[in-house]
Amino acid sequence: MTATRSSPAVASVSHWFAALGKAAPAPRPPLPGAREADVCIVGAGLTGLWTAYELRRADPSLDVVVLEREHVGYGASGRNGGCVMGELSGSLAYWARRGGRERALAQHHAIVAAVDEVGRVAAAEGIDCDLHTGGLLEVARTPPQLRRLKARAAAERGWLGADAATLLDGPAAHARIAVDGVLGARFDPRPAQVQPAKLVTGLADAAERAGVTIHERTPVTELAPRLARTPHGDVRARWVVRATEAYTVELPRLRRAVLPVNSAMIATEPLDAATWAQLGWAGGETLVDAAHMYVYLQRTADGRVAIGGRGRPYRFGSRTERDGAVPRRTVVHLRERLERLLPPLAGVRVDAAWHGVLGVARDWAPAVGADPESGAAWALGYGGEGVAAANLAGRTLRDLLLGRSSELTALPWVGPPTRRWEPEPLRFAGIHGVYALLRAADVVEQRTGRPSRLAAVADRLAGRS
Ligand SMILES: Cc1cc2nc3c(=O)[nH]c(=O)nc-3n(C[C@H](O)[C@H](O)[C@H](O)COP(=O)(O)OP(=O)(O)OC[C@H]3O[C@@H](n4cnc5c(N)ncnc54)[C@H](O)[C@@H]3O)c2cc1C
């Protein structure tokens, strides 16, 4: 791409898009009119783009068209925390109940391998997305948090043996990142981090090089068997892939398919060398704390700290946050959490704040699948673990749509979307109740140093798997 896009609207999506500056890709034309295709993909986030890329790479004769309501990476894919995690939402025990122990383990290995696959394609396609494999450090700062990390690590060892993440004691964790009051940590060396806007826009370019057609500013208003309806004309296709994640709820008859959960992020000013020396963080690990209402942090390639967490988690009627400023309360909250974790950052300037929506399935576990009868295909419900999962979903959809039976199509997450969320006002009351309980559990644990049973109540209420 030679032309560039430096519109303020695109830059306001996230710090990641703002940082692209003049390197942001030029707008792509909307759908010029009705047409036919072999595969029509709705949504140009990571799911839609990986699916399109993989299909064309596997079969260059396929006519693959992607329809995007706004622009490439407009959704969670251009706003996220950038951690390419080797994890799928849902515990191994849950997936084993769904598909048996062997298939649950195969799925675990497939999602771990997806981290490397993202890196492999980025290198092969020349996608410069600041990819860095620094691992994931999950820190405990209270005795109950430490107890949970230890229990989780023990359970993982039961499943994965030597492949499980390791436990670090307080000093070893502190030597990696100088988190205040850290008592211990779980460290997984495999996750990587990326600059999300660079990954998603680079992937779109790679998909186009592979022969995919992408139309921006083309909203799909209705889906029917083998048809996607838009104001510019209908697209008729053998397969219509729904890659709309949290925004799925805006399509007719799909309002309760997922829960759109809001997550907000802020990024500090670039830090000076003296501050970095105080923080350590030389390994560039993704940092997460073990609170029930956890926060996630990235040391960015441009020398800042980005931190994210739940702001106002859910809006009545599954309304999705699209644009608009992050509430001041959320920015203040994230800043306080940052300063508590990393006191040398007290008073640091916050340069950017943004938010996005992620999709949560009713059983808190994602689903990918295709129905040959209706020609409908889907991948959704990743929760906050969708960056690597979208790659795995793209390769799985490739095999399903090409009619190939493969290791990927046998994984337990392949199948119909799970049951729907409850109608309002039950949904609103339930989800706000869950988050209130989790917040209260954190306060109690911080104050008493003892585990709170409120979190278990919240998990039961939420139906978490
Ligand atoms: C703040 C935040 C932090 C996160 N951090 C992480 C992280 O660190 N690691 C991780 O693994 N995951 C993280 N996630 C989750 C991850 O970003 C998502 O799971 C993933 O990006 C989902 O990709 P997607 O392509 O399925 O959906 P999206 O990126 O949301 O893309 C959907 C696209 O569909 C388009 N669309 C929607 N409806 C229509 C329509 N009717 N017609 C046409 N187009 C439509 C949208 O405009 C959008 O571009 C985070 C999410 C958020 C919001």
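Visitor: How do you know that the span of helix α12 is close to the one expected?

Guide: Helix α12, residues 426–448, has 23 residues, and 32 Å separate its first C-alpha from its last, close to the expected 33 Å. The expected span is 1.5 Å times one less than the number of residues. Helices are DSSP runs of H or I with at least four residues, strands are runs of E with at least two, and both are numbered from the N terminus. This is a predicted model, in which local features need pLDDT of at least 70 and side-chain atom pairs count only at pLDDT 80 or more, while totals for chains, interfaces and linings use all residues. Residues are numbered from 1 along each chain as its sequence is written, and side-chain values use heavy atoms, with hydrogens and water left out.

Visitor: What makes residues of α12 count as buried?

Guide: Buried means under 20% relative accessible area, with a 1.4 Å probe and protein chains only. In α12 the buried residues are R427, I431, V434, Y435, L438, A441, D442 and E445. They pack against α6 (143–160), β12 (259–268) and α13 (454–462), where contact means heavy atoms within 4.5 Å. Just after the helix, G449 has a positive phi of about 75°.

Visitor: Why does the span of α6 agree with its 18 residues?

Guide: At 1.5 Å a residue, α6 should span 26 Å, and its end C-alpha atoms lie 25 Å apart, so the two agree. The buried residues of α6 include P144, L149 and L160. Among the partners of the buried residues of α6 are α5 (101–125), β4 (136–140) and α12. G161 follows α6 and has a positive phi, near 60°.

Visitor: Which element gives the largest share of the shell around the ligand?

Guide: That element is β16, with three residues.

How values were computed:
Buried < 20%, exposed > 50% of the residue type's maximum accessible area, 1.4 Å probe, protein only.
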